[in-house]
Amino acid sequence: MFGINGAEFVVLLVVAVIVIGPERLPRYAEQLGAFVRTARGFLKDAKSRVDEELGPEVGDVDWSKLDPRQYDPRRIVREALLDDDDLLGTSSRPRGASPVPPPPPPPTDADGVRVPAPFDDEAT
């Protein structure tokens with residue numbers, strides 16, 4: 001509650017008893033209790049009015065999906081770079097296999113004999 005642990009709460013109570021005094025403390029505690037009950041009633045009424053105004057479809061919204069703390073830029077980039085199959089885990093290739101297709105077979109002539117690849121000395 002408000003980041004106060006048990007020991008700090010006890011210290012606050014002792015200070016309140018000393019400052020307020022034992023004869024006025026019950027009256028102030030009663031006023032604090034009435035204030036808390038009134039505040040709870042106000043919040044409950046406000047929540048019911050908001051739910052009434054927005055309608056039943058707002059109750060079905062999964063607010064945890066809209067939490068900005070769940071977004072990890074590394075995960076978003078990884079998902080954008082992978083195939084859709086990889087995201088679903090239904091890829092047809094074995095896990096760890098290279099996504100690059102194998103190179104085409106070397107060129108051959110009409111008899112099936114390998115021909116050296118053409119070389120262009122002006123290309124590079």
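Predicted model: local features only at pLDDT ≥ 70, side-chain atom pairs only at ≥ 80, totals over all residues.
**Secondary structure.** I began with the secondary structure of the protein chain, which comes to four helices and zero strands, in the order α-α-α-α along the sequence. Helices here are DSSP runs of H or I with at least four residues and strands are runs of E with at least two, numbered from the N terminus. Residues are numbered from 1 along each chain as its sequence is written, and side-chain values use heavy atoms, with hydrogens and water left out.

**Surface.** I then looked up how much of the chain is covered: buried residues make up 1% of the 124 residues, where buried means under 20% relative accessible area, exposed over 50% and partly exposed in between, with a 1.4 Å probe and protein chains only. The accessible surface of the protein chain is about 11,800 Å², and 63% of that belongs to carbon and sulfur atoms; the areas come from the Shrake-Rupley method with a 1.4 Å probe, and for residues only the protein chains shown count as cover.

**Helix α1.** I checked the length of α1, residues 6–20, whose 15 residues reach 21 Å from the first C-alpha to the last, close to the 21 Å expected at 1.5 Å a residue; the expected span is 1.5 Å times one less than the number of residues. At the start of α1, I found a side-chain oxygen of N5 within 3.3 Å of the backbone nitrogen of A7. Just after α1, G21 takes a positive phi of about 100°.

**Helix α2.** The same check on α2, residues 25–54, gave end C-alpha atoms 43 Å apart, in agreement with the 44 Å that its 30 residues should span at 1.5 Å a residue. The residue that follows α2 is G55, with a positive phi near 90°.

**Salt bridges.** How many salt bridges does a search of the whole structure find? The search gives four, a salt bridge being a side-chain nitrogen of Lys or Arg within 4 Å of a carboxyl oxygen of Asp or Glu. One of them joins R49 to D45, with the closest N and O atoms 3.6 Å apart; these two are four residues apart in α2 and so are separated by about one helical turn. Both ends are partly exposed, R49 at 46% relative accessibility and D45 at 38%.

I found another between D51 and K47, at 3.1 Å from N to O, and this pair is also four residues apart in α2, hence about one helical turn. D51 counts as partly exposed at 42% relative accessibility, whereas K47 counts as exposed at 53%. An α-helix has 3.6 residues a turn, so residues three or four places apart point the same way.

A further entry is R74 with D72, whose closest N and O atoms are 3.4 Å apart. Here R74 is exposed at 62% relative accessibility, and D72 is partly exposed at 23%.

**Rings.** I searched the whole structure for aromatic pairs and found zero, taking rings of Phe, Tyr and Trp (its six-membered ring) as paired if their centres lie within 6.5 Å, with planes under 30 degrees apart counted as stacked, over 60 as edge-to-face and the rest as tilted. The charged end of R27 does sit over the ring of Y28, 5.6 Å from its centre; the criterion is NZ of Lys or CZ of Arg within 6 Å of the ring centre and within 35 degrees of the ring normal.

**After α4.** Last, I looked up A117, which lies in the segment after α4 (84–88) and counts as exposed at 58% relative accessibility. The C-alpha atoms of A117 and P107 are separated by 7.0 Å, although the two are ten residues apart along the chain.

Note on methods: Polar contact = N/O pair within 3.5 Å; in protein donor to acceptor, adjacent residues only side chain to side chain.
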